Amino acid sequence: RAESAFKKMQEDFPNIKITHIDLDLQKLDSVKQCSKEIFQKFPQGVDVLALNAGVAMLDDYATGDGYDVQMQTNHLSHFVLVKDLYPLLEKKSFEKGESRIVHMTSENRVKPNCVLDSSYFGKNGGNLGGNKWGMFMNGPVVKRYQQSKLATCSFHYMLDDKLRSKGSKVKTVLAHPGLTQSNMTDDAKSKHWMLRLASKLVRQTTEDGSMSFIHAMCSLDVQSGDFYGPKEKVFGPVSKVKPEKRLTENKQMCWTESCKVDGDFVL
């Protein structure tokens with residue numbers, strides 16, 4: 001997938017310079033190696049760290065590190081990556097006046113209606129409810145995804161608190177795509193009627209769905225702590241999102257549990 005994407009970018013923008021660094025978010029050793037290579041290849045600093053990789057609606061199983069596959073892929077490995085690369089972001093912010101960490105969450109951050117639970121952060125992969133979907137997508141398969149995307153939000157807001165307290169010029173920004181025609185849940189569509197229905201009602205292309213994330217990365221008016229998504233929640237032009245209370249109420253717990261993966265994150 002990476003090679004085909006690079007090929008297309010080079011066709012569209014012949015003068016673009018691309019550096020390929022392998023990263024498997026389901027392996028912490030790969031995350032650490034990726035960070036090391038970025039330090040070696042970009043010692044001058046990093047302008048934007050875009051955390052948009054993710055998985056959705058997977059079975060209840062553990063990564064080789066023992067964590068739930070969705071929580072590690074969508075949040076824990078991103079947390080470690082930010083912790084490792086923060087010095088490069090800080091360095092670039094001194095030079096340019098700012099740098100950015102951009103997180104991708106989902107409309108599922110509050111669906112099902114569950115608060116952030118610390119048990120989803122530990123080495124409990126394979127023991128988090130099994131593979132039931134629930135009639136209205138409120139079963140454990142969807143809850144594990146919801147927890148990972150809620151954790152993304154809580155990390156963002158706790159990080160913003162810490163950046164502001166330090167007086168850092170690094171910005172943290174959150175985005176969600178709404179409902180898009182991506183292939184992220186293709187394998188899951190055969191397992192639940194609501195996903196099949198949603199796929200027929202989708203009003204956004206993948207390009208449309210990427211606009212809030214691109215806005216968070218590139219727009220000049222973005223402030224640390226901002227959250228962007230489609231104006232009509234699942235479609236529409238990019239608009240600032242008012243965060244639900246649940247996104248911030250357990251942010252300290254999210255930070256504490258995430259630090260257990262690879263040590264304290266001290267800004």
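**From one loop to the core**

Author: Thr63 has a relative accessible area of 10%, so the residue counts as buried (under 20% is buried, over 50% exposed, and partly exposed is in between, with a 1.4 Å probe and protein chains only). The model is predicted: local features need pLDDT of at least 70 and side-chain atom pairs need 80 or more, while totals for chains, interfaces and linings use all residues. Residues are numbered from 1 along each chain as its sequence is written, and side-chain values use heavy atoms, without hydrogens or water.

Thr63 is found in the loop between E1 and H3; such labels stand for DSSP runs, numbered from the N terminus, with helices (H or I) of at least four residues and strands (E) of at least two. Neighbours within four places in sequence aside, Thr63 is in contact with Gln26, Asp68, Val69 and Gln72, where contact means heavy atoms within 4.5 Å.

The next stop is Tyr86, which belongs to helix H3, residues 69-96. Tyr86 is buried because its relative accessibility is 4%. Residues up to four places away are again not counted, and Tyr86 then touches Leu163, Lys166, Ser168, Val170, Phe265 and Leu267. With Ser168, the side chain of Tyr86 makes a polar contact of 3.4 Å. Val46 is 40 residues from Tyr86 in sequence, and their C-alpha atoms are 8.9 Å apart in space.

Apart from neighbours within four places in sequence, Phe155 is in contact with His75, Phe79, Val82, His103, Cys254, Trp255 and Phe265.

Rings come next. The structure holds 6 aromatic pairs; rings of Phe, Tyr and Trp (its six-membered ring) pair if their centres lie within 6.5 Å, and planes under 30 degrees apart count as stacked, over 60 as edge-to-face and the rest as tilted. The pair of Phe79 and Phe155 is tilted because the ring planes are at 50°, with the centres 4.8 Å apart. Phe79 is in helix H3 and Phe155 in helix H4, 76 residues apart, and the pair links these distant parts of the chain. Both Phe79 and Phe155 are buried. Phe155 and Trp255 have ring centres 5.9 Å apart and planes at 50°, so this pair is tilted. Trp255 lies in helix H9 and Phe155 in helix H4, so the pair ties together parts 100 residues apart in sequence. Ring pairs join Phe79, Tyr86, Phe155, Trp255 and Phe265 into a cluster, which leads back to Tyr86.

Over the ring of Trp255 sits the charged end of Lys162, 4.9 Å from the ring centre (NZ of Lys or CZ of Arg must be within 6 Å of the centre and within 35 degrees of the ring normal).

Trp255 is one of the buried residues of H9, along with Cys254, Glu257, Ser258, Cys259 and Val261. The cover over the buried residues of H9 includes H2, H3 and H4. After H9 comes Gly263, with a positive phi near 95°.

Last, the setting. The protein has 9 helices and 5 strands. Of its 267 residues, 47% count as buried. Among contacts between residues at least 6 apart in sequence, 75% join residues at least 24 apart.

Notes
A polar contact is a pair of N or O atoms within 3.5 Å; within protein, one must be able to donate a hydrogen and the other to accept it, and residues adjacent in sequence count only if both atoms are side-chain atoms.
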